Amino acid sequence: FLEGMISAPNGILKLAMLKLLSESSLSGLEIQGQIERTSPGNWRPGPGSIYFVLSELRRKEMIVELPHKGGTTRRYVISSKARSELSKSSGEARREIRRQVELLTFYSSLVGDTSLEQSLRATSSQIGG
């Protein structure tokens, strides 16, 4: 386990990849870099995870590989089929975020950090479910 890195909840890599590919065409390496930059450096999914999810998304027709313009870099974009999946996944992610905040609220109460606990309770109530 690498210090400073966080473990990501199930499904977040798929959601992150669909979101990024809905904004522009990217290669697997570019997806990895974007996630690392926007997480900020706390999460760096490995190439095996990236390419496994890319393969699954292609198989399910959620992304499309763009034609090569010279070179060997494969670039992908989200399919129209996946746009509705992205919306559905966002709702599921919202529920997971709330669950994680509730867990952190409990954790902060265990260590006696009442100000953090109160902040997290307020955040949890704003998330909805």
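Helix 1 buries Leu-13, Leu-15, Ala-16, Met-17, Leu-18, Leu-20 and Leu-21. Buried here means under 20% relative accessible area, exposed means over 50%, and partly exposed lies in between (1.4 Å probe, protein chains only). An α-helix has 3.6 residues a turn, so residues three or four places apart point the same way. The helix covers residues 12-23, and its 12 residues reach 17 Å from the first C-alpha to the last. That is close to the 16 Å expected at 1.5 Å a residue. The expected span is 1.5 Å times one less than the number of residues.

What do these buried side chains meet? The buried residues of helix 1 pack against helix 2 (28-38), helix 3 (47-59) and helix 4 (80-110). They also pack against strand 1 (63-65) and strand 2 (76-78). Contact means heavy atoms within 4.5 Å.

This is a predicted model; local features need pLDDT of at least 70, side-chain atom pairs count only at pLDDT 80 or more, and totals for chains, interfaces and linings use all residues. Residues are numbered from 1 along each chain as its sequence is written, and side-chain values use heavy atoms, with hydrogens and water left out.

Now the overall layout. The protein has 5 helices and 2 strands. From the N terminus, the order is α-α-α-β-β-α-α. Helices (H or I, at least four residues) and strands (E, at least two) are DSSP runs, numbered from the N terminus.

The radius of gyration is 17 Å, whereas a compact globule of 129 residues would have one near 14 Å. This radius is taken over C-alpha atoms, and the globule rule is 2.2 Å times the number of residues to the power 0.38. Along the principal axes, the C-alpha atoms fill a box of roughly 60 × 35 × 20 Å. Of the 129 residues, 29% count as buried. Among contacts between residues at least 6 apart in sequence, 51% join residues at least 24 apart.

Next, the loops and the helices that they join. Ser-27 sits in the loop between helix 1 and helix 2. Ser-27 is buried, with a relative accessible area of 7%. Beyond its neighbours within four places in sequence, Ser-27 is in contact with Thr-73, Arg-74 and Arg-75.

Gln-32 belongs to helix 2. Is Gln-32 buried or exposed? Gln-32 is buried, because its relative accessible area is 5%. Leaving out residues up to four places away in sequence, Gln-32 touches Arg-44, Pro-45, Gly-46, Pro-47 and Ile-50.

Trp-43 lies in the loop between helix 2 and helix 3. At 14% relative accessibility, Trp-43 is buried. Its C-alpha is separated by 22 Å from that of Ile-78, 35 residues apart along the chain.

Glu-61 occupies the loop between helix 3 and strand 1. Its relative accessible area is 54%, so Glu-61 counts as exposed. Most residues other than glycine have a negative phi. Glu-61 is not a glycine, yet its phi is positive, at about 60°.

Ser-119 is in helix 5 (residues 114-127). At 43% relative accessibility, Ser-119 is partly exposed. The C-alpha atoms of Ser-119 and Thr-105 are 14 residues apart along the chain and separated by 8.5 Å.
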